[in-house]
Amino acid sequence: MGNEQKENSNKYSIIIPTYNERLNIALLVYLIFKHLSNVNFEIIVVDDGSPDRTQDIVKQLQFVYGEDRILLRARPKKLGLGMAYIHGLKHASGNFVVIMDADLSHHRKYLPNFIRKQMETGADIVTGTRYVKGGGVHGWNLMRKLTSRGANVLAQTLLWPSVLDLTGSFRLYRKSVLQDVISSCVSKGYVFQMEMIVRATRKGYNIAEVPITFVDRVYGSSKLGGSEIVEYLKGLVYLLLTT
């Protein structure tokens, strides 16, 4: 009973950046409502001018769920993941913020686990982790698995952060903590999530981890390519020199 009351006293703003996600966004929203039926939350969709008319789908979802539960905060073009979170934060009314991808790779069933973990530990950040018992990756080929795992091992070795999965993008933050950490980040793309968690570690924030299984996107194409890997390596060097 105590946990239920405490849970209901918090509000969670779920920020979802989108670009060409019309095939995924409706199912994602439905599943979030299904898994968080007893939680006070809002969904903030930050769409970067998707040519596939993702925004039209979001407007239909607003009609179904209400504009107070589904907020569309569009931008005219792609301006980077970090800026999408900053844009979404400006409109967040919750005291906690969840960041997750729109491509169904982050399973909504883990959201209650994130909330429960935060309540139990008092953590400032709860991050989904693929590289612990109970976590994993589904749908990736061997090369992509090796790339992701190698990137994390390299970062662990050089940056000694307090978490095992630096490049994941499924996290829950205290809103004030996210505002503080994101204001000190300069990276873009694939490196951004790593810089966020490294900066948070250096600032002394309490970070808890929850095992998750990452599922490769069902519809659409992955945005990870060779240029992102090069940017990651450059970002790693930057963080090594500045943190």
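Trainee: Which residue follows α3, and is its phi positive or negative?

Mentor: G66 follows α3, and its phi is positive, near 105 degrees. Bear in mind that this is a predicted model.

Trainee: How many residues does α3 have, and what span does it reach?

Mentor: α3 has twelve residues and reaches 17 Å from its first C-alpha to its last. That is close to the 16 Å expected at 1.5 Å a residue.

Trainee: Which residues of α3 are buried?

Mentor: T54, Q55, I57, V58, L61 and Q62. Seen down the axis of α3, these buried residues fall within an arc of 155 degrees, so they line one face of the helix.

Trainee: And which are exposed on the other side of α3?

Mentor: Q60, F63 and V64 are exposed there.

Trainee: What do the buried residues of α3 pack against?

Mentor: They pack against β1, α2, β2 and β3.

Trainee: On to α2, then. Which of its residues are buried?

Mentor: In α2, residues 25-35, the buried ones are I25, L28, V29, L31, I32 and F33. They pack against α3, and also against β1, β2, β3 and α5.

Trainee: Changing topic: are the faces of strand β4 covered or open?

Mentor: Both faces are covered. F96 and V98 are buried on one side, and V97 and I99 are buried on the other.

Trainee: How does β4 pair with β1, parallel or antiparallel?

Mentor: Parallel, over four bridges. V97 of β4 is the bridge partner of S13.

Trainee: What about β4 and β7, parallel or antiparallel?

Mentor: β4 and β7 run antiparallel, and four bridges join them. There, F96 has R174 in β7 as its bridge partner.

Methods
Residues numbered from 1 in each chain as written. Predicted model: local features only at pLDDT ≥ 70, side-chain atom pairs only at ≥ 80, totals over all residues. Heavy atoms only, no water. Buried < 20%, exposed > 50% of the residue type's maximum accessible area, 1.4 Å probe, protein only. Helix = DSSP H or I, 4+ residues; strand = E, 2+ residues; numbered from the N terminus. Pairing = 2+ DSSP bridges. Contact = heavy atoms within 4.5 Å. Expected span 1.5 Å × (residues − 1). Arc of directions from axis to C-beta.
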